[in-house]
Amino acid sequence: MSDERKNLEAVLWAGADVLRSKMDANEYKDYLLAFVFYKYLSDKFLKTVCDEMEHELESVEQAQGVWEEARSGEYAEDLIEDLKSELRYIIEPEHTFTAFAKKAANSEFYKEDLQTAFNNIEQSDELFENLFQGVDLYSNKLGVGDQKQADTIQELIKVIDQADILKADGDVLGNAYEYLIGAFASETGKKAGEFYTPTGPAKILTQIAIDGQEDKRGLLVYDPCMGSASLLLDARNFSKRPQYIKYFGQELMNSTYNIARMNMLLHGIAPENQNLNLGDTLDDDWPAGEDTEFDMVVMNPPYSAKWSAKEGFKTDPRFSGRDDLAPKSKADYAFLLHGLYHLKSGGTMGIVLPHGVLFRGGSEGKIRRSLLKDGNIYAIIGLPANMFYNTSIPTCIIILKKERDDKSDAPSGESGGESENADSRDVLFIDASKLFEKKKTQNVMNDEHIKRVIELYKNRQDVDKEAHLASFAEIEENDFNLNIPRYVDTTEDEEPVRLADVNSQIAALDGEMEAERAQMLQILGSLEPLEQSVDSSSGSRVGESETREQTETHEQTLAALKEFMNRIEQL
């Protein structure tokens, strides 16, 4: 990691300290990410002003001066028109982050000015509509009363202003933003499941989903539960034509949806290449326009969430023809079928789900059986436990294909065991549960672990204790149960024991026991009753020294007997 990125990350994360004592991480993440994004918009705007005015950019302060002079100059309106055309927004000189930072340093900051600046951005173009909606500058969590709220905000502005965003290229800034999102995931715990997929599972899922499509121009990538869009954006890292990727994503939570939009822009994704929607993926199928099938579908939905499972869904093309609907209490297969419906023929889908989907019965068992008979399930990868911040349970990645080149001709509902090409619907099982290193409270998959999983996936062969390619007939024999231990045995074999050696050990123990018994009898035989003599005339005790000796001997004998019993117990 470059020093530039480390310094940027350190400065940005320091902003969390301003808010940490006032609210929990799931709340202050929205403030910090929004303020960082506004500084990005402001600094980018000032840089563009310098470019348009043909001024060499030296610093944001210098660029601020150029903009103030140009804004009141003769050609201001022409400049504004050019800036609006290129950036889709305008920031007035008094509303730049640089101007706010100067006011904050002099304790002259008013939060109403920042609210106006946010409103102006949101109203400038559809791309920014409601973008800062989740940032409440008047919340009592920032402080009670206008002045304390303004004090908190200006402290946050002063910290973030130390970040030199102008010198950071798109990847450095985008990665720093990703760092913030990951850091918030660590602090928010269970809430992290709403917006973050850990790096290890994300890289595995993305590399597999893009496999064979790296050179495709105009690759269509879809995540119907996109969170902060990190999983969507990961496709850029493995594509040879990342500038042409078109991203489609949907998110239910408004604040998370806005973070995804900011994340896209911070990574330099052209507005025409991002298609993001706020909505409920299961209740409202999206997209329903021209582009409804995608080359890649990547997905980390909420695990075992509830959904309506209304009767009307049985005629929904996403779920029809699968014998049953996912149960109301567990929408896992509803999310899976939604993603599969939107997958192109020849494309690949990867979804993270809890292990229960591999073996639970009832309606889920029926859906699983249908998917297997149609050859849709291509591979199952068991991940280590405690990988995700929102759950400690082990999860798995399920890889699906809409159509396979080697797929059997047997129609859904017929027994694959009777098909001539039944094995063409085989499933690769990979047990990666031990491929991790422990860091603090989480298990982490490093590059070596990720590389091993990808190798096993691409080789698609049996590897002892790691992978097994199961034929359809074998899966059918297991009653369509896909529990990984049924197919990949990771138990360690015990060393073989020679019977002659066991007999020798028993004989030796018998000898030791016999010797100990003899010693016990000897100890018991040495015990004598304690006696005390009394003088008949005076009534006083006599032979006290002899009695004391008897007592000491008695105690020694009892101690020896206790030690013997301990030895017997050990044998």
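Where is the place of asparagine 376? I found it in the loop between α13 (362–373) and β6.

**Ground rules.** I'm working on a predicted model, where local features need pLDDT of at least 70 and side-chain atom pairs count only at pLDDT 80 or more, while totals for chains, interfaces and linings use all residues. Residues are numbered from 1 along each chain as its sequence is written, and side-chain values use heavy atoms, with hydrogens and water left out. My helices (H or I, at least four residues) and strands (E, at least two) are DSSP runs, numbered from the N terminus.

**Asn376.** I looked up its cover: asparagine 376 counts as buried because its relative accessibility is 3%. Buried means under 20% relative accessible area, exposed over 50%, partly exposed in between (1.4 Å probe, protein chains only). Its side chain makes a polar contact with the side chain of arginine 322, at 3.1 Å. For that term I need a pair of N or O atoms within 3.5 Å; within protein, one must be able to donate a hydrogen and the other to accept it, and residues adjacent in sequence count only if both atoms are side-chain atoms. Skipping neighbours within four places in sequence, I get asparagine 376 in contact (heavy atoms within 4.5 Å) with residues including Arg322, Leu340, Leu371 and Ile399.

**β6 and its partners.** Next I followed the chain into β6. The strand is mostly covered, with 6 of its 6 residues buried. Strands β6 (residues 377–382) and β7 (residues 395–400) run antiparallel and are joined by 5 bridges; two strands pair if DSSP finds at least two bridges between them. Isoleucine 381 stands opposite isoleucine 397 in β7, and alanine 379 has isoleucine 399 as its bridge partner there. With strand β8 (residues 427–431), β6 pairs in the parallel sense over 4 bridges. Glycine 382 has aspartate 431 in β8 as its bridge partner.

**The sheet.** What is the strand order of the open sheet of 9 strands? I read it as β3-β2-β1-β4-β5-β7-β6-β8-β11, with mixed pairing. The edge strands, each pairing on one side only, are β3 (274–278) and β11 (467–470). Neighbouring strands here are turned by 15 degrees against each other on average, direction ignored. Helix α12 (residues 332–341) packs on the sheet and touches β1 (220–223), β4 (294–299), β5 (343–354) and β7, its direction making about 160 degrees with that of β5. Axes are lines fitted to C-alpha atoms, for helices over the stretch in contact, and angles run from 0 to 180 degrees between N-to-C directions.

**α11.** Is this helix enclosed or open? I count 11 of the 13 residues of α11 as buried, so it is largely enclosed by the rest of the structure. Its end C-alpha atoms are 18 Å apart, which agrees with the 18 Å that the 13 residues of α11 (residues 254–266) should span at 1.5 Å a residue; the expected span is 1.5 Å times one less than the number of residues. Glycine 268 follows α11 with a positive phi, near 75 degrees.

Most residues other than glycine have a negative phi, and most peptide bonds are trans. Alanine 229 is not a glycine, yet has a positive phi of about 75 degrees. Alanine 309 also isn't a glycine and has a positive phi of about 50 degrees. The peptide bond from tryptophan 286 to proline 287 is cis, with omega near 0 degrees. Proline 287 lies in the loop between β3 and β4.
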